[in-house]
Amino acid sequence: METNKTLLFAKNISEVLYQIKNTPGLELVGGCTQIPRLPEKSLCTRNVAEMKNINRHELFIDFGPAVTLNEILDLGEERIPKILYKAILNTANHFVRNMATLGGNICTKEIHGTLYAPLLALNTMLRFRSADTQAFSTMPFEKFAGVPQRSVIVNIRVPNEDWDVSIFRRCGPRHTLEKDSASFCFLAKTEKRALINVRIVFAGAIVFSSRELENKLLGLRLPISEKAIAAFSRTAEEAFDEALGEEKINPVLKRQFLNLTQYSLNQLA
């Protein structure tokens, strides 16, 4: 039994900021569903009311980082982006989703959580608050590489726009995050039988997302020909290899990405 761990609890955001500022080495935790053991010093934020808010607006939804995954599902499939709903359903099981928080899922280390890909595909924005200056700052999710030092996430803003095609698939073990785990997202918007917007994201041990690659699909008439899909698949493979560089991953992940991309394009018919 570990007795040298310090676990603190906060009742409000002021206490969170105070502890961050005055406790060196402190790490924030939510439902603790993705950490094998507690850090030396940790602060649980799952009961901080200001971090559990859900506010729906016409074009976006604001989620507090301590909102649990089941609380998001409880909103209903028609009230949140379909791809986010699908991704949450593919995250762990009902019991774990009762404890797991949105902020905890996006702050996993080494392996990106199941919701990382859909949040990136949806152009999510993060809002932080500094414990030192009390100031707020915002950051697009695509720039997120960890919570800024001595700060805390206070809001996760998810655009709630309509997409004609929303495809989510999870690769690897269903209920655990491992080196072969990954999430795939494909979003497409069409107008007059042509593609006008596309998002393709693959995230796990690595993250692949390329605006340049996506732009190659814009303007294509539907249904996309088999020849065009084959040509795009070759281009996607080259872009994936270039983004990967010298990093080594299970080649199965690359094959899954390419197969899912091809499958998604075939659904546009």
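# Reading helix packing, salt bridges and strand pairing

Colleague: In which helix does threonine 261 lie?

Modeller: Threonine 261 lies in helix α9, where helices (H or I, at least four residues) and strands (E, at least two) are DSSP runs numbered from the N terminus. This is a predicted model, in which local features need pLDDT of at least 70 and side-chain atom pairs count only at pLDDT 80 or more, while totals for chains, interfaces and linings use all residues. Residues are numbered from 1 along each chain as its sequence is written, and side-chain values use heavy atoms, with hydrogens and water left out.

Colleague: Why does threonine 261 count as buried?

Modeller: Burial is read from relative accessible area, with buried meaning under 20%, exposed over 50% and partly exposed in between (1.4 Å probe, protein chains only). Threonine 261 counts as buried because its relative accessibility is 1%. Once its neighbours within four places in sequence are set aside, threonine 261 is in contact with Phe184, Ile200 and Phe232, contact meaning heavy atoms within 4.5 Å.

Colleague: How do I read the crossing of helix α8 and helix α9, and at what angle do their axes cross?

Modeller: Two packed helices are described by the angle between their axes and the distance between the axes. Axes are lines fitted to C-alpha atoms, for helices over the stretch in contact, with angles running from 0 to 180 degrees between N-to-C directions. Here the axes of α8 (residues 226-244) and α9 (residues 251-266) come within 10 Å and cross at roughly 145°. The crossing of α8 past α9 is right-handed; a crossing has that hand if the near helix is turned clockwise from the far one by less than a right angle, and is left-handed if anticlockwise.

Colleague: Which residues make the contact between α8 and α9?

Modeller: From α8 come Ile229, Phe232, Ser233, Ala236, Glu237, Phe240 and Asp241, and these meet Lys254, Phe257, Leu258, Thr261, Gln262, Leu265 and Asn266 of α9.

Colleague: Which side chain meets lysine 254 in a salt bridge?

Modeller: A salt bridge is a side-chain nitrogen of Lys or Arg within 4 Å of a carboxyl oxygen of Asp or Glu. Lysine 254 meets glutamate 237 in this way, at 3.0 Å from N to O. Lysine 254 belongs to α9 and glutamate 237 to α8, so the pair ties together parts that are 17 residues apart in sequence. Salt bridges that share partners also join Glu237, Asp241 and Lys254 into one network. Lysine 254 is buried at 19% relative accessible area, whereas glutamate 237, at 27%, is partly exposed.

Colleague: How many salt bridges are there by this rule?

Modeller: The count comes to 10 salt bridges. One of them joins aspartate 62 to arginine 157, with the closest N and O atoms 2.7 Å apart. This pair links distant parts of the chain, 95 residues apart, since aspartate 62 is in strand β5 (residues 60-63) and arginine 157 in strand β8 (residues 151-159). Aspartate 62 is buried at 7% relative accessible area, and arginine 157 is partly exposed at 32%. Glutamate 71 forms a salt bridge with lysine 52, for which the closest N and O atoms are 3.6 Å apart. Glutamate 71 lies in helix α2 (residues 69-73) and lysine 52 in the loop between β3 (41-44) and β4 (54-56), so this pair ties together parts 19 residues apart in sequence.

Colleague: In what order do the three strands of the open sheet stand?

Modeller: Two strands pair if DSSP finds at least two bridges between them. The order is β1-β3-β2, with parallel pairing. β1 (6-9) and β2 (27-29) stand at the edges with a single partner strand each, so one side of each is left without a neighbour in the sheet. The twist averages 30° from one strand to the next. β2 and β3 pair over three bridges, and glutamate 27 has serine 42 in β3 as its bridge partner.

Colleague: In what sense do β9 and strand β10 pair?

Modeller: They pair in the antiparallel sense over seven bridges, with β10 spanning residues 182-191. In β10, cysteine 185 is the bridge partner of phenylalanine 168. Strand β9 (residues 165-171) is mostly covered, with six of its seven residues buried.
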